[in-house]
Structures are given as structure tokens and as C-alpha cells.
Amino acid sequence: MEQRTLGADVRVGAVGLGCAGMSGAYGQRADEQGIATLRSALDAGITFIDTADHYGMGHNETLVGQALRPADRDRAVVSVKFGALFGVDGSVRGVNGRPDAIPTFLGYSLQRLGTDYVDIYRPARLDPAVPIEETVGALAEMVQKGYVRGIGLSEVGAETIRRAHAVHPITDVQVEYSLFSRGAEDEILPTCRELGIGVTAYGVLAQGMLTGTWRQPVGDARHRGHLPRFAAGNIETNLALVERLREIAASRGTTVAQLAIAWVLSRGRAHRDVVALVGASRPHRITDAVDAAGLRLTEDDLDAIEQAVPRGAVAGERYAPALLSLLDSERTGGRR
Ligand SMILES: NC(=O)c1ccc[n+]([C@@H]2O[C@H](COP(=O)([O-])OP(=O)(O)OC[C@H]3O[C@@H](n4cnc5c(N)ncnc54)[C@H](OP(=O)(O)O)[C@@H]3O)[C@@H](O)[C@H]2O)c1
């Protein structure tokens, strides 16, 4: 697989694997299937593995730990998000980026992952009550002690990226970036490129919308109604956009999902600094993702895609209000 470089020297496959879906992000947990997906990914050259301590409240890290064979550990780049707070009932309770909390978060994650270091450790969201310099300063101590190899950020705007990078080099910024979510193009991507920071784009399939799985807002799509873009009133517009992509995909002999992944990869091909994180919990998705990494979109393809799904054409915000309010990236960067 084509390689990308995050920060100064973290080499990873151009496609990464997002593991949230294995821990019930879209319904059922899938332990055996999840482990099989992780193993297929590693075998296929996908080396960036993304998890978080809050995915399934620790379940996801345990699963990743079970899937990682000792022989895989050095090859895999395990990315872990910390600090998102939830109630026992799953309610959103804010963020904790306090320096004194970090060793505890990290210690628990290492235990669940069954490893003695995390490759890239990142606050899931900016804690508005804690200067980013303090959070990154505490993470830098974890790097010095060998528990963490690189520091990442997630859903932060350009100013936060600069302030964080001034304290310790940042390896990558994780941000939602897809044909449906292009706000990062305004400030976040250019800032990362200027500073030599990688971008791990998530939501490249718009939580499954950009796959062509659904032609009508029925069945599984209806179970995602809590996501604004799947909500009645928005989903009809968004599925119509997907139908336009389906035509382009058919003319290229590929699928909507592969087109969407290849589009994100085309954004970072020249600089080799954008990884497309694909969320998957079934092994056969890996073949699709790997094939997408080999797909080269021509200028004509990119023009046709742009016309089919112009920036801002999507209906609905990317998160519900309680979660959207936690995004530093939305406050300081462009929207959609
Ligand atoms: N930093 C952050 O704030 C943040 C936020 C959200 C997510 N993330 C990370 O990004 C990852 C992916 O994000 P995401 O789950 O929001 O969205 P996504 O990758 O846009 O979509 C995932 C969905 O697409 C489906 N899918 C994958 N490949 C497919 C294919 N070839 N054909 C049809 N369907 C396919 C998956 O199905 P199956 O599950 O059935 O395989 C899943 O339902 C997460 O797992 C997580 O690691 C980070």
C-alpha cells in the first residue's frame, strides 16, 4: 500500500482502520468479527489503527489488544484518544484534558491494550478549561518517559494546532474530512501542511452514507437518525447526492465507498500527509479499502465528483448540538 508520513517520521499505510464500530458505535458489538477485521487490515498493510478509551467504555482498546499479535506490535501505529467524558448512561459529560488526569487515563489504556506504549496519544477534544500548552506539556512528559511515541490532536482549529506544536511537535491532527465535510480545507489542512503535521481524516464514508449502501432512508439507515445527516429531512438530500456518485463510480467500475476513500487520498497524494481512516467492523471491508488506495482519480474524475457533490451541498450538521459544541475545529475553522 502507498505510504504516508505523519509528522517527522511516522510511516503508515495511506488507509487506516477506525475501530469504533466494533464496539457498538452503530449498534451491536462485534468481538470475533472485529478481531478478524483488525487482523485482515494488518495483513493487508493497513498499519494505522485508531481507537479511544471511550469506545465501548474500554471495550475497544481491549479488542485491539487481543487482535495485536506480538509480531504486529512494532508494525502497527496505535492511535488512542483520551479525555472524552460520558455518564454511565452514555450521556455527554464534556472533556478532561487536565495534566494530572493524563497518567491515569494512559495507564488504564496501556493495561487494556496489553502494551507498554501508545504510538500516538491524543486528547479526543480540546478541554476549554485547560490551556492546550498544559495538556501537551503533560503529554510531552509521557513521551520522555517512553509511554507515548507521538502526540496527536483531534478536532481542533488552526490556532490550537499552532499553540500545541510550539510546545512539542505534533504528529497528526485527526479531523472529519470527506466529500460531505470539507470545513478542514479552509485553515486546518493548510496549517498542518505548513507545520509538517499529518492529517488523519475520519468519517471519509460519512458514517456509512458515502458507501451507496442505502438508496432509501430505510432499515439500518433509520437507526442512525441521531446523526443529523441521517435524520428525516436531511437524509433525502444526502442520498440524492450519493446517487450522483453512484453513476460516476459505475462509469469507473468501482463503488461509491471506494470513490469516497480515493477522493480523500487524492487530497494528500502530492504531499503524502493525509491518511484516510476507514471505519469498519467486517473483514470484507478491508479489501474494498485497500483497492480504493490503489485507485487513481484523474482530473476529469475529480471535476465530475466536484460537480456531483459541491462543497456545502450536504444537508445537516456533522454532529448533534451537544457534541458539535465540543468542537474547537468548528469554532475556528471553516464549516462543512
Ligand atoms: N477523532 C474523532 O473525533 C473521531 C470521531 C469519529 C470517528 N473517529 C474515528 O474514525 C473512524 C471512522 O469513522 P466513522 O465510523 O465515523 O465513519 P466512516 O468511516 O465514515 O463510516 C463507517 C461506516 O461505513 C461502513 N463501511 C466501511 N467500509 C464500507 C464499504 N466498503 N462498503 C459499505 N460500507 C462500509 C462501516 O460498516 P461496518 O462497521 O459494518 O464495517 C461503518 O458503518 C472511527 O472508527 C474512529 O476510529 C474519530
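Predicted model: local features only at pLDDT ≥ 70, side-chain atom pairs only at ≥ 80, totals over all residues.
I started with the helix pair: the axes of H2 (residues 59–67) and H4 (residues 102–113) come within 7 Å and cross at roughly 45°. Axes here are lines fitted to C-alpha atoms over the stretch in contact, with angles from 0 to 180 degrees between N-to-C directions.

Numbering runs from 1 along each chain as its sequence is written, and side-chain values use heavy atoms, without hydrogens and water.

Next I listed the contact (heavy atoms within 4.5 Å). Glu61, Thr62, Val64 and Gly65 of H2 meet Ser109, Arg112 and Leu113 of H4. I sorted these residues into two nonpolar, three polar and two charged.

Then I turned to the ligand. Its shell (a heavy atom within 4 Å) holds 31 residues, and Asp50, Arg125, Ser281, Arg282 and Asp288 come nearest. By class I get 13 nonpolar, ten polar and eight charged. Strand S12 (274–279) and helix H10 (284–293) each supply at least two shell residues. S12 gives the most, with three.

I checked polar contacts (N or O pairs within 3.5 Å). The side chain of serine 154 puts an N or O atom 3.0 Å from a ligand nitrogen. Backbone N or O atoms of leucine 205 and glutamine 207 each lie 2.9 Å from a ligand oxygen. The protein buries 92% of the 920 Å² that the ligand exposes alone (Shrake-Rupley, 1.4 Å probe).

Notes. Polar contact = N/O pair within 3.5 Å; in protein donor to acceptor, adjacent residues only side chain to side chain. Helix = DSSP H or I, 4+ residues; strand = E, 2+ residues; numbered from the N terminus. Nonpolar A, V, L, I, M, F, W, Y, C, P; charged D, E, K, R; others polar.
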